[in-house]
Amino acid sequence: MKRHRWEAVLLICLLAAAGICVSHGNVQQASAVSEVISIPVAMYHSVTDEGKSPGQYVISPSMLENDLKYLSERGYHTVTVTDLVAYVTAGTALPEKPVMLTFDDGYYNNYSNAYPLLKQYGMRAVLSPVGTLTEQFTASDDTGHEVWSYCTGAQLKEMSDSGVMEIQNHSYDFHSLSPRRGCLRKSGEDKASYQETFLSDTRRAQELFVSLEISEPVCYTYPYGACNDETDALVKQYGFVATLSCEEGVAHITRDPACLTGIRRCNRDGCMTSEQFWSGLLAQAEKGD
């Protein structure tokens, strides 16, 4: 009997050395799922000196440059959604002190102001344009206005090809609060009709980017952050492996693919200085909160 006990202990030790743990009689693979990398993710929108700048969703180009300086001086390195997916699914390493910068809606000033600054500082970002606005301004002669214009297809392709901006899906035509809130089901809308509407809208946006010779997005950026279990299921059904939310906080990344659902982001309020916005967010990430 003693011999069997020692053999069992020896087996457990050997399994542990091989990266396998034994719990309650079940052999479980020990993996890096338990390892957590806390990543601060900023959500930007418009970057301009014109109009109502600064504001809750508008910062000036100089403020963005101060942000990039602040991060660079502290040794932070930008990552994209693709980097996170590669870490989770393929074990590809992330850089020391990772941070993610995201831009929603696809404003023209992201091309005219943010894009050059990101190139200047050797940083990358995630850009999630609204499909219908891309089409509208691609077909329009009235483009290039700092406040209300949106990126054309050619501008998105240029930024994507440069490697500076990674393009993700922000819906084709769900960027409104009425008659539905973002991509949520409308009151009284039956489930089957809603699912078809959601998948059709999503497909149209994906096909638009592919037609522009931009890599097909792997991430769905929820309009207005509006999401629930139903939208999460539809996003997965379509084949997306990640979603960006508007829930404030730090993103916690592990080897578990579930961590890529509802990645948290903090809105970059233009009424805050770089120090005010980033100091608390970086400290939170360092603590792993």
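## A glutamine in a helix

Leaving aside its neighbours within four places in sequence, which residues is Q206 in contact with? With those neighbours set aside, Q206 is in contact with N169, E216, P217, Y238 and F240. Please keep in mind that this is a predicted model.

Q206 itself sits in helix 7, which covers residues 191–211. Its relative accessibility is 3%, so Q206 counts as buried, the cut-off being under 20%.

The largest nonpolar core holds 39 residues, and L64, L101, F103, L118, M165 and W278 touch the most other members. Setting aside neighbours within four places in sequence, L101 has contacts that include A42, Y44, L68, L71, L118, V126 and W278, along with T78 and R124. Another core lies apart from this one, with 20 residues, including Y87, C219, L260 and I263.

## Cysteines

C219 has 0% relative accessibility and therefore counts as buried. C259 is buried too, at a relative accessible area of 16%, because buried means under 20%. As for disulfides, the count comes to zero.

## The largest pocket

For anyone thinking about volumes, the largest pocket comes to about 320 Å³. Its lining is made up of M43, H45, Y57, D104, D105, Y107, H170, H175, Y224, C246, E248 and N267. By residue class, that lining divides into five nonpolar, four polar and three charged residues.

Technical notes
Residues numbered from 1 in each chain as written. Predicted model: local features only at pLDDT ≥ 70, side-chain atom pairs only at ≥ 80, totals over all residues. Heavy atoms only, no water. 1 Å grid on protein atoms, 1.4 Å probe; cavity = no way out; pocket = protein on both sides within 12 Å on 5 of 7 lines; lining within 4 Å. Points joined across faces, edges and corners; volume = space filled by probe spheres on them. Nonpolar A, V, L, I, M, F, W, Y, C, P; charged D, E, K, R; others polar. Core = buried A, V, L, I, M, F, W, Y, C linked by side-chain atoms within 4.5 Å. Buried < 20%, exposed > 50% of the residue type's maximum accessible area, 1.4 Å probe, protein only. Contact = heavy atoms within 4.5 Å. Disulfide = S-S within 2.5 Å. Helix = DSSP H or I, 4+ residues; strand = E, 2+ residues; numbered from the N terminus.
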